[in-house]
Amino acid sequence: MSDRLRQALCALDALERSARTESPLHRVDSRAKLLVTAVFLATMLSVPLAHLSELLLFFVFPIVTGAMGGFAYGTIFRRSLVVLPFVVFIGVFNLLCDREPVFRIGRAVVTAGGVSFLAIVVRGLLSVQALLVLVGSTGYYRLCRSMQRLGVPALFVTQLLFVYRYLHVLVEEALAMRQARDARSFGRTSYPLGVWGTLVGQLLLRTFDRAERIGWAMRARGFTGRIAADTFDRPAWTMRDTLFLAGWSAALVALRLLHPAERLFKSLI
């Protein structure tokens, strides 16, 4: 378990380190990348669940932008699978309830519930992949700064930053508790369920206490609940950023409105 916790910390740090590399996507202004990702999510999520073929075309976005940022799509895909249990739990009810036949593949009957179930899974994977590319090419801190520069309320941005920092605090406290438990377990690896409940409760109390101490330390240094605007980096908006925003936005809107997958399917029939 301790190895997994360390891997979680390393994964969080790797996201910030990857944002410091050089690539065509890294050189694009973070505000342009944030707006394009918002357009992608809006257009992709607006596709009806019955139009699975149209949803599949939206995989072009994480594949191309990942290549622009120097990210292997296989790595992005594997990381996006973390959301799979949640979307499967959401979509399985469609699979069980909607039994209307849509088409056949040999002797197998594909129902409307099956199509909507796959569409929900694809939506979840695409959303996470787009966010992974965005954070990996921008960095979480710079992303939050860009959100505030675009007019997102400072309270919301500050809460996002605190949630991200709290993840580090939570994992660090869990590692400390794991080390203390191993030092007193005499080689024992399994514990009753009640012991795990106590450990989880103690973990929450320890992290809350440490977060409170961090909050008092920030107030002692002049923090007022708003990240000062003068601490933000302010790169100039260039023509490259405008072309990136306009090009991807036009392509995504066209992909949503022109239904190229449906036309291709009809032409093949």
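Trainee: Which residues line the largest cavity?

Mentor: This is a predicted model. The count comes to one cavity of 30 Å³ or more. Its lining holds six nonpolar, three polar and one charged residues. By name, the residues that line the largest cavity are Leu25, Lys33, Thr37, Phe61, Thr65, Ala130, Val133, Leu134, Ser137 and Phe244.

Trainee: What volume does the largest cavity have?

Mentor: Rolling a probe the size of a water molecule over the atoms shows where empty space is left. A cavity is a set of points where a 1.4 Å probe fits but cannot get out. For the largest cavity, the volume is about 60 Å³.

Trainee: Which residues touch the most other members of the largest nonpolar core?

Mentor: In soluble globular proteins, nonpolar side chains tend to be buried together. The largest nonpolar core here has 24 residues. The members that touch the most others are Phe40, Phe58, Phe61, Leu126 and Phe244.

Trainee: Which element supplies the largest share of this core?

Mentor: At least two residues each come from α2, α3 (52–56), α7 and α11 (239–257). The largest share is six residues, and it comes from α7.

Trainee: How many residues are in the other core, the one with Leu143?

Mentor: That core lies apart from the largest one. Leu143, Cys144 and Met147 are among its members, and these three are also among the buried residues of helix α8 (residues 140–149). Val157 belongs to this other core too, and its residue count is 11.

Trainee: Is phenylalanine 40 buried or exposed?

Mentor: Leaving out residues up to four places away in sequence, phenylalanine 40 touches Phe58, Phe61, Pro62, Leu126, Ala130 and Leu252. Buried means under 20% relative accessible area. Phenylalanine 40 has 0%, so the residue is buried.

Trainee: What centre to centre distance do phenylalanine 40 and phenylalanine 61 have as an aromatic pair?

Mentor: There are seven aromatic pairs by count. In this one, the planes make an angle of 20°, so it falls under the 30 degrees for stacked. The centre to centre distance is 4.5 Å.

Trainee: How many residues apart in sequence are the parts that this pair ties together?

Mentor: Phenylalanine 61 is buried, with a relative accessible area of 5%. Phenylalanine 40 lies in helix α2 and phenylalanine 61 in helix α4, so the pair ties together parts whose separation in sequence is 21 residues.

Trainee: Which residues form one aromatic cluster with Phe40?

Mentor: Phe61 is the stacked partner of Phe40. The cluster takes in Phe61, and beside Phe40 its members are Phe58, Phe61 and Trp248.

Trainee: What relative accessible area does arginine 256 have?

Mentor: Arginine 256 is found in helix α11. Beyond its neighbours within four places in sequence, arginine 256 is in contact with Thr43, Ser46, Val47, Pro48, Glu54 and Phe58. The residue is buried because its relative accessible area is under 20%. The value is 16%.

Trainee: How many helices and strands are there in the protein?

Mentor: From the N terminus on, the elements run α-α-α-α-α-α-β-β-α-α-α-α-α-α. That order corresponds to 12 helices and two strands.

Technical notes
Residues numbered from 1 in each chain as written. Predicted model: local features only at pLDDT ≥ 70, side-chain atom pairs only at ≥ 80, totals over all residues. Heavy atoms only, no water. 1 Å grid on protein atoms, 1.4 Å probe; cavity = no way out; pocket = protein on both sides within 12 Å on 5 of 7 lines; lining within 4 Å. Points joined across faces, edges and corners; volume = space filled by probe spheres on them. Nonpolar A, V, L, I, M, F, W, Y, C, P; charged D, E, K, R; others polar. Buried < 20%, exposed > 50% of the residue type's maximum accessible area, 1.4 Å probe, protein only. Helix = DSSP H or I, 4+ residues; strand = E, 2+ residues; numbered from the N terminus. Core = buried A, V, L, I, M, F, W, Y, C linked by side-chain atoms within 4.5 Å. Contact = heavy atoms within 4.5 Å. Phe/Tyr/Trp six-rings, centres within 6.5 Å; stacked < 30°, edge-to-face > 60°.
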